[in-house]
Amino acid sequence: MAYIDYPSSYYAASANPAPERPELLGEVETDVCIVGAGYTGLSTALFLLENGFRVIVLEAARVGFGASGRNGGQIVNSYSRDIDVIERSLPAEQARRIGEMAFEGGRILRELVARHGIRCDLKDGGVFAAFTPRQMAHLEAQKKLWERYGHTRLELLDARRIREVVASERYVGGMLDMTGGHIHPLNLALGEAAAVESLGGVIHEQSPAVRIERGANPLVHTPQGRVRAKFVVLAGNAYLGDLVPELAAKSMPCGTQVIATEPLGEELAASLLPQDYCVEDCNYLLDYYRLSADRRLVYGGGVIYGARDPRDIEAIIRPKLLRTFPQLQKVKIDYAWTGNFLLTLSRLPQVGRIGDNLYYSQGCSGHGVTYTHLAGRLLAEALRGQAERFDAFAALPHYPFPGGRLLRVPFTALGAWYYTLRDRLGV
Ligand SMILES: Cc1cc2nc3c(=O)[nH]c(=O)nc-3n(C[C@H](O)[C@H](O)[C@H](O)COP(=O)(O)OP(=O)(O)OC[C@H]3O[C@@H](n4cnc5c(N)ncnc54)[C@H](O)[C@@H]3O)c2cc1C
């Protein structure tokens, strides 16, 4: 089997030293076999290990190979659709439970960083930037909604104040969330993997699950080995492919692209984002950006439905960066990469069980740095027999994509085109 390494990215180039984990060879037995070593799989492993379970994590490539090692690094609270949408789709009690968990993922992430001493350049403070009065009105409503759930470290920014935190002329205002923030995402995943091993968990890299024999004690096959487990947790998200057809049918992998500039130097970097907050804008297809620890601008945006790899990423993202910061015209781009997230039709995560012992969480639709850490805790609670909070998420409806696998890409692109047009027109 060909060795699969990290794709070239700023994160791979600046990763903390980490061991290569051996491929699984032969048959082993455990309590829980986790498929995928991104944040979902690793945080599930951590919570299970803390509760006395034996855990084996199978990773097709390397720890953090997927979205967890390539993302924008933005710690964004709540979910890809906000709590008000959930309040409209579920009975009041269940919606309230999910609302109460909307800020827990960020807390878990910070607890893990502190407890395990993870070096991932954690910074506090995230800004939502509005282009239009309509988006600003939405942020005002969002602030009230989040405060209703006890999340209070929020500040609305008017046109003058947002220029004090982002040196761009594009925005009419915004909202600052001091429990948002940013991280080096791959180093977070690598630190979590080391924590898993320090608690006795086992991680096998270069070990894709290629087949699962379902039954009372499922058997997970890799090219050279097998894991017999009481439970399987499916945490492959957009990289899971067709391993579990039920999950593939109701989700769609999408690509999004990120670039990193050359180091800008302290002065230029501080002139762009003086407080070192990260920023995402309020458009449906949004731009997101932040400074790295070595003072590069890491800028992401765009969506490719169906996750084809674009030929020239810089050509897609650089114009977006220059619209935000025309002052960076002469700056060189050192890295450009793409990664896949998993879109669901509702844009809310899909959580559940298949049979008695296959558990899954997937599809946080591009907004998963915090949610995946919550998912880890919920999956571990469910396997421990305390499934109330897991079940609140499992009650969210899962819809198949219209048009099935053949037409889901054009249909969804059409929907996104409609929302993008609305953003452009400011309606
Ligand atoms: C470019 C990009 C930018 C993003 N920016 C942000 C952001 O700034 N903020 C935010 O909140 N969210 C962001 N997201 C989303 C966020 O990164 C994801 O929601 C989150 O990382 C998903 O974590 P995960 O563990 O569920 O999946 P992943 O991190 O994708 O991990 C899945 C892992 O499973 C492995 N795997 C798959 N199939 C198998 C198999 N059969 N056998 C063994 N292993 C398997 C894969 O190799 C992979 O390592 C971004 C996503 C992308 C792609």
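The axes of helix H5 (residues 104-116) and helix H12 (residues 371-383) come within 7 Å of each other and cross at roughly 85°. This is a predicted model: local features need pLDDT of at least 70, side-chain atom pairs count only at pLDDT 80 or more, and totals for chains, interfaces and linings use all residues. Residues are numbered from 1 along each chain as its sequence is written.

Q: Why is H5 called roughly perpendicular to H12?
A: Angles of 65 to 115 degrees count as roughly perpendicular, under 35 as roughly parallel, over 145 as roughly antiparallel, and the rest as oblique. The axes cross at roughly 85°. H5 is therefore roughly perpendicular to H12. The axes are lines fitted to C-alpha atoms, for helices over the stretch in contact, and angles run from 0 to 180 degrees between N-to-C directions. Helices (H or I, at least four residues) and strands (E, at least two) are DSSP runs, numbered from the N terminus.

Q: Which residues make the contact of H5 and H12?
A: H5 brings Glu104, Gly105, Ile108 and Leu109. H12 brings Tyr371, His373, Leu374 and Arg377. Contact here requires C-beta atoms, placed from the backbone, within 7 Å.

Q: What classes of residue does the contact of H5 with H12 have?
A: Four are nonpolar, two polar and two charged. Ala, Val, Leu, Ile, Met, Phe, Trp, Tyr, Cys and Pro count as nonpolar, Asp, Glu, Lys and Arg as charged, and the others, Gly among them, as polar.

Q: Which stretches does the domain assignment give to each domain?
A: Domain 1 is 1-121 + 183-249 + 345-396, and domain 2 is 123-179 + 253-343. The bounds come from an automatic or database domain assignment. Taken over C-alpha atoms, the domain centres are 26 Å apart.

Q: How many residues does the contact take from each domain?
A: Domain 1 gives 33 residues and domain 2 gives 30. On the side of domain 1 that touches domain 2, the elements giving two or more residues are helix H1 (10-13), strand S3 (74-75), helix H3 (83-89) and helix H4 (92-100). By class, that side has eleven nonpolar, 16 polar and six charged residues.

Q: Which of the 43 residues around the ligand come nearest?
A: They are Gly36, Gly38, Gly66, Gly72 and Gly368. A residue is near a molecule or strand if its C-beta atom, placed from the backbone, lies within 6 Å of it. Helix H2 (39-50), strand S11 (252-261) and strand S15 (333-343) are the elements that give two or more residues to the shell. The shell has 21 nonpolar, 20 polar and two charged residues. Domain 1 and domain 2 each supply at least three residues.

Q: Why does aspartate 309 count as exposed?
A: Aspartate 309 has 12 C-beta neighbours inside 10 Å, so the residue counts as exposed. Its place is the loop between strand S14 (297-305) and helix H11 (313-324). Leaving out residues up to four places away in sequence, aspartate 309 touches Gly255 and Thr338.

Q: What makes tyrosine 239 buried?
A: Tyrosine 239 has 22 other C-beta atoms within 10 Å, so the residue is buried. Tyrosine 239 sits in the loop between strand S10 (225-234) and helix H9 (245-248). Phenylalanine 65 is 174 residues away in sequence, but 9.5 Å away in space, C-alpha to C-alpha.

Q: Why is proline 17 called exposed?
A: Proline 17 has 5 other C-beta atoms within 10 Å, so the residue is exposed. The loop between H1 and strand S1 (26-35) holds proline 17.

Q: What is the phi of serine 365, and is the residue buried or exposed?
A: Most residues other than glycine have a negative phi. Serine 365 has a positive phi of about 55° although it is not a glycine. Serine 365 has 23 other C-beta atoms within 10 Å, so the residue is buried. Serine 365 lies in the loop between strand S17 (358-362) and H12.

Q: Why does arginine 347 count as partly exposed?
A: Arginine 347 has 15 C-beta neighbours inside 10 Å, so the residue counts as partly exposed. Arginine 347 also has a positive phi, about 65°, although it is not a glycine.

Conventions. Contact = placed C-beta atoms within 7 Å. Buried ≥ 20, exposed ≤ 12 C-beta atoms within 10 Å, placed from the backbone.
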